[in-house]
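Thank you for making the time this morning.

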Amino acid sequence: MASQYHDDWQSSKKTVLQRNAYMFDNELMSDVSFTCGESSRIFHAHKYVLATSSAVFFAMFYGNLAEKEFPICIPDAEEESFEEFLRFLYTDACQITAENAIGVMYLAKKYLVSSLVEKCCEILEASIKPDNAFAVLEQAVQFDEKQLEAKCWDIVLLKTQECVNSEAFCSIASFTLNAFLKRKTLLIAELRLFKAILKWTDKECARQGLNIEHDKTARRRILGDSVYEIRFLAMPLENFVKYVSRTGILTDTEIVSILQKLCGLDVAGLKWKEHKMWQPRVVSFSRFDPHNVYSGTIPSRWTEMWAYHGESDALTLVVNKVVLFHGVRLFGSDGGRYKVKFTIKDTNVTQSYTSERNSDCVPGYDVMLPNPIPLLPNEEITIIATIIGPRSYSGTRGKSSVTIDDIVVTFKNAPSGLSTNGTDRSHGQFYKIFLAELKF
């Protein structure tokens, strides 16, 4: 709200920043004012401050066609977003949240305030979740923010099921749906994906006032060419017949052609392409060289002898790009039996294993997840193994990072208190990490 004028207010403001902050939304010396959308609130501002921050405002106030009528209405701005936008111009700081970041960024782009755009992108990148990923994605595309767009796609493609279940998915534009369906790798069952597409289609029909009960071709018209990106040929025949054929999305001729293809017949001119099941190439990242691996039977001068008393070995790792985490290889002893509880993120695997020597002649056993877990770039992930069993081999002089192809894995000490059995970045458990690169 506008501050009240009082004599000698300058004396209490020791810096330029403090004096500028005092003038924010202040009627004192104000020579321009704004309103936003339907709001009746009037924002008081100062042409000099705005024009020195924005080339657009400079043209508005000092150009040949300078604005002369006030207040100036900004019809496409929300009151909260405009307030924080103005605050930034006066103080170089503002209260950007996940809720208002898109609105503030829109204004920053519109008035060419690049430093504020960067701040908004940072907030949005940190706040992307499955329930808002599609909404942020469309804004990133609109604003041509490539890095933000890439981060959104990472979330969408790694947590596809959660993203398509969100309300944001039902509100995306048709071009976004098409771009989504064109992606090579989608971690979701084809039937679940089809049901999500159908939900989007019905919501879009409702927005356009189309009655799908009376207009049997409405769904197909809404989908347009995106229908050819739906992977009908990857569905089991039973699912196609039960869930797809009666939706009105396909013509009778198309249904027959797809059925013939699903039954193994050649169909000329079919617009749908066969999608081969994507099989990830799993590679192992060894954090110890074989000559730095030691047996638990070596004399006590070796600190690398590893025993288990119900405590946990933990390690933090960071990857440079999107990958799937499949599991780890743990050190063991020759023929030893181990019971392991392995934890990563919200996933736990508890199982018994028999240790055997691998091609490196190092005894151990592979602890693999039933379903791989996606890891995002620069995300710090801590893996924890609680082991019961005989003394095992262990490693020393561990590598700080390992590179295979263009995947880089960096190893760090786990947060304090998690690795109670002694494993750290340079020695202990976790001989190998199994990862697969996602091909988008």
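Let me start with a question: is Trp153 buried or exposed? Before I answer, a word on where the values come from. This is a predicted model, in which local features need pLDDT of at least 70 and side-chain atom pairs count only at pLDDT 80 or more, while totals for chains, interfaces and linings use all residues. Residues are numbered from 1 along each chain as its sequence is written, and side-chain values use heavy atoms, with hydrogens and water left out.

Now to the answer: Trp153 is buried, because its relative accessible area is 7%, and buried here means under 20% relative accessible area, exposed means over 50%, and partly exposed is in between, with a 1.4 Å probe and protein chains only. Trp153 belongs to helix α8, where helices are DSSP runs of H or I with at least four residues, strands are DSSP runs of E with at least two, and both are numbered from the N terminus. If we set aside residues up to four places away in sequence, Trp153 touches Leu137, Ala179, Phe180 and Arg183, contact being defined as heavy atoms within 4.5 Å.

Leu137 leads us to helix α7, residues 133-143, whose buried residues are Ala133, Phe134, Val136, Leu137, Glu138, Ala140 and Phe143. The cover over these buried residues includes α5 (101-110), α6 (114-127), α8 (146-158), α9 (160-164) and α10. Just after α7, Asp144 takes a positive phi of about 60°. From helix α10, which spans residues 174-181, we can pick out Thr176. Thr176 counts as buried because its relative accessibility is 3%, and, leaving aside neighbours within four places in sequence, Thr176 is in contact with Phe134, Leu137 and Glu138.

Let me step back to the whole chain. Its secondary structure comes to 14 helices and 16 strands. The radius of gyration, taken over C-alpha atoms, is 30 Å, well over the 22 Å that the globule rule gives for 440 residues, so the chain is more spread out than a compact globule; that rule is 2.2 Å times the number of residues to the power 0.38. The C-alpha atoms fill a box of roughly 85 × 75 × 30 Å along the principal axes. Of the 440 residues, 48% count as buried, and among contacts between residues at least 6 apart in sequence, 70% join residues at least 24 apart.

Next, the charged side chains. Side chains of opposite charge can pair when their charged atoms come close. A search of the whole structure finds 23 salt bridges, each being a side-chain nitrogen of Lys or Arg within 4 Å of a carboxyl oxygen of Asp or Glu. In one of them, the side chains of Arg41 and Glu83 meet at 3.3 Å, N to O. This pair links distant parts of the chain, 42 residues apart, with Arg41 in the loop between β1 (32-36) and β2 (43-45) and Glu83 in helix α4, residues 79-91. Both Arg41 and Glu83 are buried.

Within helix α4, Glu84 and Arg87 lie 3 residues apart, about one turn of the helix, and they form a salt bridge whose closest N and O atoms are 3.0 Å apart. Glu84 and Arg87 are buried as well. As for Asp215 and Arg221, their salt bridge has its closest N and O atoms 2.7 Å apart. Asp215 is partly exposed, with a relative accessible area of 23%, and Arg221 is partly exposed at 47%. Elsewhere, salt bridges that share partners join Asp25, Arg41, Glu79, Glu83, Glu84 and Arg87 into one network.

One last question: which residues is Asn292 in contact with, leaving aside its neighbours within four places in sequence? They are Ser394, Gly395, Thr396 and Arg397. Asn292 sits in the loop between β4 (282-286) and β5 (293-294), and Asn292 is buried, with a relative accessible area of 8%. By contrast, Glu27, in the loop between α1 (16-23) and β1, counts as exposed at 51% relative accessibility. The C-alpha atoms of Glu27 and Arg397, 370 residues apart along the chain, are separated by 66 Å.
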